[in-house]
Every structure is written in structure tokens, then in C-alpha cells.
Amino acid sequence: MQEESHFLIIGLGLLGGSYAQGLKRKGYHVSALDINPESIAYALEQGWIDEGAVGFDEKLVAQADSIVFGLYPQALLEWIDQHQDSFAPNTRITDVTGVKEQIVTQVQQKLRPDVEFIASHPMAGREVSGVQYADCSIFEPANFIITPTAANTEAGIAWVRSLAEALNFRNIAVLSPAEHDKMIGFLSQLTHVIAVTLLNTSDNTHLVDYTGDSFRDLTRIAKINESLWTELFLMNKQNLVREIDEFAAELAHFRSVLENEETDEMKRLFRQSTQRRKCFDK
């Protein structure tokens, strides 16, 4: 990534704001677009962006050579349809979207041939939204996934990798869009389904005075953005349905073990889960 890169962040939410903050700290020129005037004003006050505009600003788009989309999936696709004529020649763009196969396919089909879209996914976030919660330190313990296709150049992939390095991500991995979506269906989306379903199993609001850390930890991600996650789930429906089915089968097995008091099998399951969890403690 060249030091003279001029970044434009489109969508100043939690992740877009954190990108802006992190890139500005590294000395890059950063501008931003957002539909919320308060978000632009806040980022300017914090010194995270050099300039910003509400809605669309052709000048800010045209002067950027590096663009990060912090939009919801459908909004990103609509933005490309409406405004890609304003990209400067040879602009490189990436995103923060939590599903890839549908997004990458559609964007690369729509996009001008002189503009390169190299998709990526920062595996970082919080159970809050909005630029006021932005904090680029969330990237330091996090993984960053690049999802290139045959349409991408080595230089474009290297550009996204250098972006992740500038933001201090702990680990950078490369997966195909299909591999990414299969992985995310299990690691992220299924876990959100479990947390949501657990809290919807019964009205447990009266238990707040008695609960322990296990329930709080397990349900932390149930505090969820319903609009965003509906889009993400539907765009990865096939993978997520399969993961739900496999989880349901495993849950049914545990129920059978418990009902039949198969203590050896129950202990085996406990040992197996304990061993597998140790991989995440390194």
C-alpha cells in the first residue's frame, strides 16, 4: 500500500469508523461518506477523517484511489449500481461484509473493468453499532480474511494484505468466497442462531438477578442487529441450514445419551469438547 494512498470509507459504522481511525493514525488521508450527518460530524470532531459528506459526493469518490465499503450487503450492491461511474481509473475497493460468495460474484460482474474489487472480512466487532463505538484496537486480537477470485490481481491482493497489516490485525488468511461462507456459517452464523434461540426459548428476563457468567457469555451475541443479520443469513442460507441440521443432530444425540444415562459416552463428549476448546486458548 502506497503511503500516498487516499482512502474513502463509505459507511461510517462501527467497522467503517474503526478503519478510519486506524488509517488516520498511520498517516493516511481519509475521507468518508455516510447517510447520517451526525456520524460525519463525530468522525471529523475525533480527527478520524480529513473530510466527509452526507449521502453521496462525486468529488470525494473521484479523488480516492482506495475505497472501503462499510455498508450492508444490499446497500453495497445498490451503491455500485448507482455510483461506480464516479470511481477514479484503477481504483481498488474492498469491503467488510460478513458473507462473500453472492457479494463477490455480483460486484465483480457489475464493476467497470478498470476498477478492482478484492473482498475481505475483518473478523472483529462488538454488540453495538455506530461510529461512536469505533475503536481500531478491536483489530489487534482479530483475524482478517481475504477472499480473492480469478478476477483479482496479485497487486490487488497485496494491497488488501497491506491494509490489514496497517490496521494491526493479528492474523491474515486467504480463502475462496465459497470456503469463507462455509466457515462463517459454522463459526459465526450458527453461534448467533444458538444464542438467539436460547434467549427465545422462554421469557427469562426475570432470571437476570440470578444468572452466572456461563449464561451471559453464551448469549452475549444475541444482542443483534436484526436488519443486518437477516441479510447475512439469507445470503448464506444453504450453508447455515446445513449447520443448523448438523447441530440439531448433535443436540439430539446428547439428549439420547442423557436420557439413557450413557455416562461413558457423556464423558467422552466432555473430553472431546474440552480438547477442541484448548485450540482457541493458544
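I take buried to mean under 20% relative accessible area. The model I am reading is predicted.

**Entry 1: strand S4.** I looked up both faces of S4, residues 66-69. Ser66 and Val68 lie on one side, and both are buried.

**Entry 2: strand neighbours.** Next I checked what pairs with S4. Strand S1, residues 6-10, runs parallel to S4, and four bridges join them. Strand S5, residues 92-95, also runs parallel to S4, again with four bridges. Which residue in S4 is the bridge partner of Ile9? I find Val68. I then followed Val68 into S5, where its bridge partner is Thr94.

Entry 3: I traced S4 through helix H4, residues 73-83, to S5. The three make a β-α-β unit, and I log its hand as right-handed.

**Entry 4: H4 against H9.** I moved on to the packing of H4 with helix H9, residues 226-235. Their axes are 8 Å apart, at an angle of about 85 degrees. The range for roughly perpendicular is 65 to 115 degrees, so H4 is roughly perpendicular to H9. From H4, I list Pro73, Gln74 and Leu77 in the contact. They meet Leu228, Glu231, Leu232 and Met235 in H9. By class, I count five nonpolar residues, one polar and one charged in this contact.

Technical notes:
Residues numbered from 1 in each chain as written. Predicted model: local features only at pLDDT ≥ 70, side-chain atom pairs only at ≥ 80, totals over all residues. Heavy atoms only, no water. Buried < 20%, exposed > 50% of the residue type's maximum accessible area, 1.4 Å probe, protein only. Helix = DSSP H or I, 4+ residues; strand = E, 2+ residues; numbered from the N terminus. Pairing = 2+ DSSP bridges. Right-handed = clockwise from strand over helix to strand, strands pointing away. Axes fitted to C-alpha atoms, helices over the stretch in contact; angles between N-to-C directions. Parallel < 35°, antiparallel > 145°, perpendicular 65-115°, else oblique. Contact = heavy atoms within 4.5 Å. Nonpolar A, V, L, I, M, F, W, Y, C, P; charged D, E, K, R; others polar.
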